[in-house]
Amino acid sequence: MEAWGGLVGRAVELEQLSRFVAGVGEHGGALLLSGDAGVGKSALVEAAVGQALADDVRILRAAGVQFEADITYASLHQLLQTCLDEFDSLSPRNAGTLKVALGLADGPPPAPLMVAGAVLALLQRLAKERPVLMVVDDVPWLDRASGLVLGMVARRLVGTRSALLGAARTGESSFFDHSDLAIEHIQPLPDEAAAELLSTRYPALAPRVRRRLLADAQGNPLALLELPVALGDHLDGVAGSVPAVLPLGRRLQSAFTSRIKGLPDSTYGVLLLAALEGTGDLRLIRRIAASRNRDALAPAERANVIRVDNSTERLVFRHPLMRSAIVDLSTSSQRREAHAVLAQHLADQPERRVWHLAEATTEPDEEVAALLQGVAHANLRRGDSVGAVTQLLRAAELSPTGSARSGRLAEAAYLGSIVTGDLRDAPRLLDAARQSHEGAGGPLSLAVAGAYQLLHSDGDIDTAHRLLVDAVNDLDDPGDAHNKVLIEALYTLLMICFFGGRPALWPPYDAAIARLKPRVPELLGILSRTFSDPARASQQALAQLDASIAGLTDQVSPARIIRTGIAAAYLDRLADCRDALYRAVQHGREGGAITSAIEALFLLGQDSFHTGQWDQAQHLVHEGLQLCDKHGYKLLSWPGLLITGLLAAARGDTATPATIAQQMNAWAGPRRARTMQLYAAHIQTLAALGRSDFEAAFTQASLISPAGTIAPYCPHALWVFLDLVEAAMLTGRHAEAVAHVKAAQAISLETLSDRLRLVVLTTAAITETDVDDDRLEEAIASPTNDRWPFDLARIQLTYGAYLRRTKNTSRARHHLTAASATFQRLNARPWTTRTENELRATGIPHDSPGDAKLTTQQRQIAELAAAGLTNKQIAERLVLSPRTVSTHLYQIFPKLGITTRAALRDALDRLPHPHE
């Protein structure tokens, strides 16, 4: 049963590891060993490392460290410690990314995906010389940033000359995403192997003791090896001397400490430093030990407590639990002293230094608290919002004054709510913040956190609004644009005003923005001009918004991504934010900002609805609603339910829209949350149009923005503009329809986006007494309109119906056929039925695009046009005139249910082959 390293009972596991290590240089890959504590994962990892070294594989090692789980990229720094000199051989982009991530250089924080790419580039560079095996123990204790990056790297190693071997306890959560990775579940030893292991290591055990140990150990190798040491004098087997209960967890800890207790004090002191330092930096530990006892580590090596690897300059504990045992043996004063020593020697690593300073401090210390708060803000900018909350809470503990403590607790409560998605913990922190505050009132951060809690848990719009406005106005300098808490307060107030949906809520916000000096922060200024009243956004504001969207390429802050997406939402620019929004979603899925993930899912769902990706929209919204339900975010759920209701209405589901609208009105009424009432009106408008109840549609759309007025501070007016004009025309309210179009033209609504240009220009033409056909045809034919298939098809339906009534049957069929094809693709059943009724009214039965009949010549022309030939080139090829080709194409398009040449290829592919 013995194999590498004398392991007993692990023949199968060792054989698999042997194959894995042998394949590192051929095809790379990743393998995760999973099992209970003490089951032998570390021993198997060491066996694999031994074979890899024998095969001339380069080893990079790291281990998750409990005490450094909150330090960003601590584990990645540990893993790459021996190849820092190789960074400069990479491209400047990859070298810079790694240096900034590991704190070796200054610069904007790179996204995890960029860091993963840089690590892969480094591995590729190293593997040119010899294969590389990354060994990562204690995966659950990896810091969040390292865990995310190494998870990405692990999934991309197949086909390279690099591999990753990890070890993790079963059932422990981790930021390391092991989905799609091979996992070997290490089971306890079989009874026979367990008995052999115990007899081999402890041959003199009395039979009674042996039986008892085998029964209690249940095949756990670590327990089998260490429990006899812990039992000590009980090993003689005297009747009754073995304790009745041997709880494995605590006894295993005791087993480790029994080895440590015999070590010299100087050795234990250095071991405690190494345990708290966490990365295994042998140079640092030796530098500290030099002033105490140069040979302090030797007794620990002889006792097999640690292993010193001079080639990699790392100190490795024999088992991860040994580190916990060493710390358990220490007193609080010993731990504080060790942290203080480490802080002194980490002056070149500010983040780690501050953390050790905080752990060394017993009395309140404003300097340390402020430094730790600064680290929290730095981590927040790097996208590590979870770590920021942890650091803020510790900073609050170290705050010497009640006001400072109150402010930091409130900031932690606010960030905790928007990051973890757990609103339930916020009230406890807020209560603690209020109790800590000295005097009347409270810090602005307390008002921000309280307002956020009121908004999202109770939906109390007016109280949240009053709380924030009063707190902002009470500031000594309410116009200080450098006050980060003030800016966060204004972001929160912006959303309160939006959900309140009443113009009267906005003047205090506008006044606060106007006071800011020296200038309004860029993104806040963009939101103030493009989200509060997007219908009146200036061209300058739109240019700034477009620049902000372009800057999302490398953005890692979920908050900034979401706020940019919100600014773009009503101005039809979400498509350009999709990649960044998906990053925010993934960040939340991997344990990051939950609320940002929810908002990103709904923004993506909104864009998918408007761009005709309806099945995708339903999937995205469903995930977001599940998160809202799980974390208690009622207010955030309404935008998702809006998309759900619109999708149901568009597809002819009559029950779901009515139910959702009723729920919205019932919830919003008592809270004066008018935006949710507007959501309900929008859903009911679309549902009424679908069932051809145009009177009800006009009534509901008018609740959002009355005919002839583009309501101020009402972003939703942009989404129902077409609905109101269509309903007005179909109920004989021609004057109202004209007035609404003129109101849009008066504020140049058509200049805000391509979609609004399509809607305004076409409704303007349709509402004229004499329709300007050329202008309308030009607006419909714009190549950008394919981005808005539902709006375009509805306009083609309206225009086609007008053409039919004016006896222009051929052109009516062209537009109606194209509209029908779009509605069928979207499964918009009510609109499909209306369109087919119009087509039948033109005098011919309507065939679906799949039934289209093309003549031989028409098929030749269509195929040549689909291949990219111009009308002139097609005419020369077929010996026809260009006018004849143009006429044929004009007839072909409605037959195929398309409106552009770009759609020809797909339409032809759907047709039966001519020989069929």
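In which loop does Arg672 lie? In this predicted model, Arg672 is placed in the loop between helix H33, which covers residues 655–671, and helix H34. The backbone of Arg672 has a phi near 55°, which is a positive value in a residue other than glycine.

The strands were examined next. An open sheet is formed by five strands, whose order is E2-E3-E4-E1-E5 and whose pairing is parallel. Strand E2 (58–63) and strand E5 (182–185) stand at the edges of the sheet with a single partner strand each, and therefore one side of each is left without a neighbour in the sheet. From one strand to the next, the twist averages 15°. The pairing of E2 with strand E3, which spans residues 132–137, is parallel and is made by six bridges; within this pairing, Ala62 stands opposite Val136 in E3. Helix H1, formed by residues 11–22, lies across strand E1 (29–35), E3, strand E4 (162–169) and E5, and the helix runs at about 160° to E1.

Two packed helices are described by the angle between their axes and the distance between the axes. For helix H12 (residues 265–277) and helix H13 (residues 282–289), the axes come within 10 Å and cross at roughly 145°, and the crossing in which H12 passes H13 is right-handed. On the side of H12, the residues that take part are Val270, Leu273, Ala274 and Glu277, and these meet Leu284, Ile285, Ile288 and Ala289 in H13. When sorted by class, the contact of H12 with H13 contains seven nonpolar residues, no polar residues and one charged residue.

Rolling a probe the size of a water molecule over the atoms shows where empty space is left. A search of the whole structure gave eight cavities of 30 Å³ or more. The largest cavity, with a volume of about 270 Å³, is lined by 18 residues, and those that lie nearest its centre are Ile566, Leu603, Gln606, Pro639 and Tyr679. At least two residues of this lining are supplied by each of four helices, namely H24 (484–500), H28 (558–569), H30 (594–610) and H32 (634–650). In terms of class, the lining of the largest cavity consists of 16 nonpolar residues, one polar residue and one charged residue.

The second largest cavity has a volume of about 150 Å³, and among the residues that line it are Phe609, His610, Trp719, Asp723, Arg755, Asp791 and Arg794. H30, H34 (674–690), H36 (721–730) and H40 (789–805) each contribute at least two residues to the lining of this second cavity, and H40 gives the most, with three residues. The lining of the second largest cavity is made up of six nonpolar, two polar and four charged residues.

Key: Residues are numbered from 1 along each chain as its sequence is written. This is a predicted model: local features need pLDDT of at least 70, side-chain atom pairs count only at pLDDT 80 or more; totals for chains, interfaces and linings use all residues. Side-chain values use heavy atoms; hydrogens and water are left out. Two strands pair if DSSP finds at least two bridges between them. Axes are lines fitted to C-alpha atoms, for helices over the stretch in contact, and angles run from 0 to 180 degrees between N-to-C directions. Contact means heavy atoms within 4.5 Å. On a 1 Å grid over the protein atoms alone, a cavity is a set of points where a 1.4 Å probe fits but cannot get out, and a pocket is an open set with protein on both sides within 12 Å along at least five of seven lines; lining residues have an atom within 4 Å of a point. Grid points are joined across faces, edges and corners, and a volume is the space filled by probe spheres set on the points. Ala, Val, Leu, Ile, Met, Phe, Trp, Tyr, Cys and Pro count as nonpolar, Asp, Glu, Lys and Arg as charged, and the others, Gly among them, as polar. A crossing is left-handed if the near helix is turned anticlockwise from the far one by less than a right angle, and right-handed if clockwise.
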